[in-house]
Amino acid sequence: MREMTYAQAIEDALMQAMASDPRIVVFGEDVHAIRMNLFARFGESRVRPTPISESAFLGAGVTAAMGGLRPIVEIMMVDFVAVAADALINHAAKVEAFSGGRWKVPMVVRIACGGGYGDGGQHEQALWGLLAQVPGMKVVVPSNPADAGALMLSAIEDEAPVLFMEHKLLADYWLDYLADGGRTGLDYQVPEAGARGVVPDTWGSIPIPAAQVLRAGRDLTMVGVGVAVHRCLEAAERLAELGIDAGVVDLRSVSPLDVDTVCAELAKTQRLLVADEDYKHFGLAGELAAVALEAGLQPAFQRVCVERTIPYDRRREVEVLPNAARIVDAATMLMSARTPSPLSVTHTSHSRSPGH
Amino acid sequence: MQSDGAGLYALMLRSRRFEEAVADLWSAGRISAEMHLSIGEEGIVAGVLQHLVDGDAMALDHRGTAPLVMRGVDLVSLLREFLGEPDGLCHGMGGHMHLFAPELLAASSGIVGASGPAACGFALAHQHLRPNNVAVAFFGEGAMNQGMLMESINLAAVWSLPVVFVCKDNGMCITTPAKKVTGGDLCQRAEGLGAFAISVDGSDVQAVASHAEKAIRRARRGHGPSFIHATCKRPDGHFLGDPLLRIVRNPVGELKSKVGPLAKAAASVQGASVGRRAASLGSVAAMLTRAGKMHLAGHDPVIRQAKRLTSAEREVVEATVREEVAAAVRAAIDSTEARA
């Protein structure tokens, strides 16, 4: 076992994969600088900087994959995916279906995402719910180094297009590049266990979906991805002091969604709290409530999400992003609602049961 | 039209001193995250903006501070915005990349190339509502490879929109040399899309002003869009704390953590041929050499213009600007500290 940062883990897994498979190529803006080590080892033919032309090079990634390569296309921030959304929504996601399953798009799109460092609402979004909505693509959001390296391998091995979303608060080089810029002493509330951790000596993929129960809980089940997982773990500690036994599930992939693991936990607790750095409405949080209902469960439900455009001002940004205090508040509200039973679903002013 | 050299000098110097103050606040950790300044580009911005009148619109990129300063936006409200304060220009919601001033029809975006479509829309509104007004789009040469910007030049041409597309070319697309990622010639590209194209040395504000005057006159007369290609040097790189410049300025400290992994990667068993690896390392070295040449030297538009003035003219401008910027910084900081 070795210890690595989140960014090192991704690079290490990529090194391993690229050394054994010459079909893997990396391209995106500035990759000769941002991926300098890969560039030095594998040369410019496999690690190639692009013009600032997201719609062209992401679209090219789709057919490069159809043509036999295993491209890893880098989109610097998920906000910029909007510029090239056509390549994903209308092409990458459609080829397998349109070809009757005869042609696949084994492309990885590596995307930085997430906020918490004061870059404003056009450079700090999550957007995984938006992207996961389209059938035909997978979306993974690792929350720690070991998962980051393993999920990168999973993404490369997968025959479907996979969006690999790395959170900027966990990837130290992104924080250095975008937030610090050489300054020291600035604090971003980086969850330590997410930014650095133990990783295997040799990387192996993990199947998608594979949600992980990080903490078993009797009273309620908290679910999230990325940094929100760490906020939930922090909240769980505080809730334990209040006598509330809260479990935490790291989904690891937004699409496909590990319904079985989530529902198995909910069957025990009957209470679901989703903490999500993506937008509140029409996204992951509501989807989790829906799949629980479809499975015949009627958990009491709360969600702590981003409800508006992320403010530039860091003091307000911290309040808009899910934080442990908001999660604790939502959890105590859930606990104050009577445990719902399948026969009589309870309403309170705080808790809207999605069953109604 | 104001054509005096001292007026252009004052526009540029005000922006320069203001952005230097912003850089100090950023370095002190009082401004968060990315900070893209226009230092080195002032000749281009001032040369174009001095021809704007009430009702004209500006579509700005992620370097919107200088244009807003030159159009007269209150310096304190800009600083308060960068400090994230509720009484800032955009109530602390946007920050420097997302500045909006509706009274000036000025809108910014941090999405590369987005100023193209934005200028077209403003110009379309002008055609209907303000037939003598124009819209200016500012962007870098890196944005010229963005589909939406190329589409916008064509749209402006076929609709004969009063747009002036202003390309500020420092030769670097973020940290990638423009030559490596740009095919053909940018003026020819713009001409091919139907715009009237002009090339100018952006460090000579009077040359920019004279070309911009023609472009803006064409637009006001309904003769359609122009494309001004203006060269410049930007000593701060892409943004404050540009990683390449940090390495150039502090090689020992900055490379300490990078050389080990880089050497290990370059020497790993499986990978590209020795020749290709050597080419990669050569390209990394060349990238740093280029970064080392980003300084302004003889291309500083402010200094070039200062040399055209008498010392008496310079001193008047300098004293006024120094006092104004210092007072703005004091006011912006004081009101934060008064609240604390």
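Q: Which strand of chain A does D276(A) lie in?
A: Heads-up: this is a predicted model, where local features need pLDDT of at least 70, side-chain atom pairs count only at pLDDT 80 or more, and totals for chains, interfaces and linings use all residues. Residues are numbered from 1 along each chain as its sequence is written, chains are lettered from A in the order in which they are written, and side-chain values use heavy atoms, leaving out hydrogens and water. Strands are DSSP runs of E with at least two residues, numbered from the N terminus. The run covering residues 271-279 holds D276(A), and that's strand β13.

Q: Is D276(A) buried or exposed?
A: Buried means under 20% relative accessible area, exposed over 50%, and partly exposed in between, using a 1.4 Å probe and protein chains only. D276(A) comes out at 0%, so it counts as buried.

Q: How are the planes of Y173(A) and W174(A) arranged in their aromatic pair?
A: Rings of Phe, Tyr and Trp (its six-membered ring) pair if their centres lie within 6.5 Å; planes under 30 degrees apart are stacked, over 60 edge-to-face, and the rest tilted. A search of the whole structure turns up four aromatic pairs over all chains. In this one, the centres sit 5.2 Å apart with 35° between the planes, and the pair is tilted.

Q: Which residues do ring pairs link into a cluster?
A: W174(A) is one member, and its 3% relative accessibility makes it count as buried.

Terms used. Helices (H or I, at least four residues) and strands (E, at least two) are DSSP runs, numbered from the N terminus.
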